[in-house]
Amino acid sequence: ALPIFVGRGDRLSGRQALTAMHDAVGDQLHSLRTEFAVLKEKLFSGDQADPVFEGTVRDFCTLDSSLQDVYKQVESFMTSIDSLCEGLLKLSETLVASMGHSEDPLIQSDCCKMKEATNAITRFDAPYSSLAKLRRDMDYNIMSPIRSHLVNNRNLKASLESRRQRLLQLNTARKMFDQVKAKVDRPTDSRYLQAEATLESAKVAFHEIDKHVFEWLYILEEYKGDILDSALQTVKYLQYEFFASAAHAISSVLPKRMEFRPMIEMTPDQLEKQVDLELEDEDDDGEVETDFSKRLIHKMEKDGRNKEEPEVAADPLSVFSLISQGFEDAEARRALRMHNNDTQAALDWLMHGRYEQKTVSDDAVRVPTTVRRIQKMKEKRRAQLEKEKKAREERDAAEARVRRAAAADADSDDSEERKKAKKEKKKEKKEK
């Protein structure tokens with residue numbers, strides 16, 4: 001269909017219609033000849049190489065490839081961070097499930113603190129979440145700018161291809177104009193005018209696209225280093241901020257003092273040494289106890305683990321008084337046992353304090369059982385050494401007394417011998 005447009009109420013005569021059809025066919029044939037000439041020029045002559053332009057385009061393609069690689073690796077990094085956070089969350093849930101029901105309140109408290117710290121790192125809905133902040137900052141400062149660069153680079157590549165086409169059209173139009181100019185002597189000839197118009201149109205089209213491409217290539221070449229350096233430093237800073245906030249969350253739940261024993265010292269080989277020490281310390285009285293509960297109670301008493309005072313029996317009158325005020329029998333008895341049958345204290349606890357969980361001080365540090373046992377063994381060893389030292393001192397004192405007594409006896413014997421010798425000398429003198 002030929003592009004013949006007829007307005008409403010406007011009737012063209014037959015000659016005008018034929019003229020319009022002739023002009024349209026001429027324009028289409030001219031465009032077909034131009035496209036064929038462009039393809040022939042590109043096929044046989046190739047693009048006219050501009051080394052500076054081609055070098056700039058290669059640098060642009062290198063920049064685009066670098067940004068694409070950075071974008072893919074940042075996505076991979078965020079996927080790895082998600083896996084890390086998922087692992088941290090599962091680990092904390094496992095620790096809470098397996099150790100949160102321990103009878104040791106310090107272990108329970110540390111498990112809850114560990115879960116809270118992990119939630120502060122991994123949960124998106126947690127306040128000041130490290131993962132949520134990293135995602136927001138990474139998307140705003142890295143992913144979104146790189147996406148805009150990639151979209152702009154894609155458009156610039158399309159503009160580069162359009163520039164190549166326009167350049168081929170310009171070269172082809174210039175050659176056709178030169179050919180027509182060589183054949184036609186009169187500048188008023190239709191072929192000359194048409195070739196000249198085609199050349200001018202190709203110049204305008206090429207100049208328009210060339211200015212856009214040139215400015216963008218120049219800007220990207222000028223700021224290429226800044227773009228890459230900004231991406232590098234931003235990624236480093238965001239990584240540091242994420243790991244620093246995660247470390248800060250974990251550091252807030254670490255014990256104030258490093259009292260715990262390393263796990264490598266809790267292996268069966270290490271515990272076997274403790275078993276051997278206990279076997280050596282065991283009193284062998286020749287009797288064999290088969291009741292495990294009695295042995296356990298005896299052992300706990302020996303270790304000093306049953307020093308808690310036994311709970312007193314609930315007073316019946318106090319129980320009745322609390323029941324009459326609407327409390328359950330079991331709760332009333334428990335409150336009275338806890339407060340040594342103090343009815344008012346039990347009532348206050350039932351009214352205000354029974355739902356309060358047993359809190360543990362933030363500064364409380366659990367002392368390992370092995371440390372307490374070692375301290376106990378050290379105290380026992382110290383007492384034994386003191387006892388041996390005292391016995392040795394007593395033995396040395398006794399030996400010293402014996403020596404002094406022997407020396408005193410020897411001195412007395414010497415004095416008697418000297419007295420006897422003097423008497424004999426006097427007797428000899430007297431005889432002389």
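Where does Asn 340 lie? In this predicted model, Asn 340 is placed in the loop that runs between α9 (329–338) and α10 (343–353).

## The loop between α9 and α10

Asn 340 has a positive phi of about 55° although it is not a glycine, and with a relative accessibility of 55% it counts as exposed. Asn 341, which is also found in the loop between α9 and α10, has a positive phi of about 60° and is likewise not a glycine. Asn 341 is partly exposed, its relative accessible area being 26%. As background, most residues other than glycine have a negative phi.

## The nonpolar core

The largest nonpolar core is made up of 28 residues, and those with the most contacts inside it are Ile 81, Leu 134, Met 138, Ile 142, Leu 160 and Leu 217. Two or more residues are given to this core by each of the elements α2 (51–99), α4 (130–183) and α5 (190–251), and α2 gives the most, with eleven residues.

## Patches on the surface

A nonpolar patch on the surface is formed by Phe 214, Trp 216, Tyr 218, Ile 219 and Tyr 223, which together have about 520 Å² of accessible area. Within this group, Tyr 218 is found in helix α5 and is partly exposed, with a relative accessible area of 47%.

The surface also carries a patch of positive charge, in which Arg 418, Lys 419, Lys 422, Lys 423, Lys 425, Lys 426, Lys 429 and Lys 432 gather. Arg 418 has its place in helix α11, which covers residues 369–431.

Definitions and conventions: Residues are numbered from 1 along each chain as its sequence is written. This is a predicted model: local features need pLDDT of at least 70, side-chain atom pairs count only at pLDDT 80 or more; totals for chains, interfaces and linings use all residues. Side-chain values use heavy atoms; hydrogens and water are left out. Patches are made of residues with over 30% relative accessible area and no salt bridge: like charges are joined within 9 Å, nonpolar side chains (Val, Leu, Ile, Met, Phe, Trp, Tyr) within 5 Å. Accessible areas come from the Shrake-Rupley method with a 1.4 Å probe; for residues, only the protein chains shown count as cover. A salt bridge is a side-chain nitrogen of Lys or Arg within 4 Å of a carboxyl oxygen of Asp or Glu. Lys and Arg count as positive and Asp and Glu as negative; His and the chain ends are not counted. The place of a charge is taken as NZ of Lys, CZ of Arg, CG of Asp or CD of Glu. Helices (H or I, at least four residues) and strands (E, at least two) are DSSP runs, numbered from the N terminus. A nonpolar core is a set of buried Ala, Val, Leu, Ile, Met, Phe, Trp, Tyr and Cys residues joined through side-chain atoms within 4.5 Å. Buried means under 20% relative accessible area, exposed over 50%, partly exposed in between (1.4 Å probe, protein chains only).
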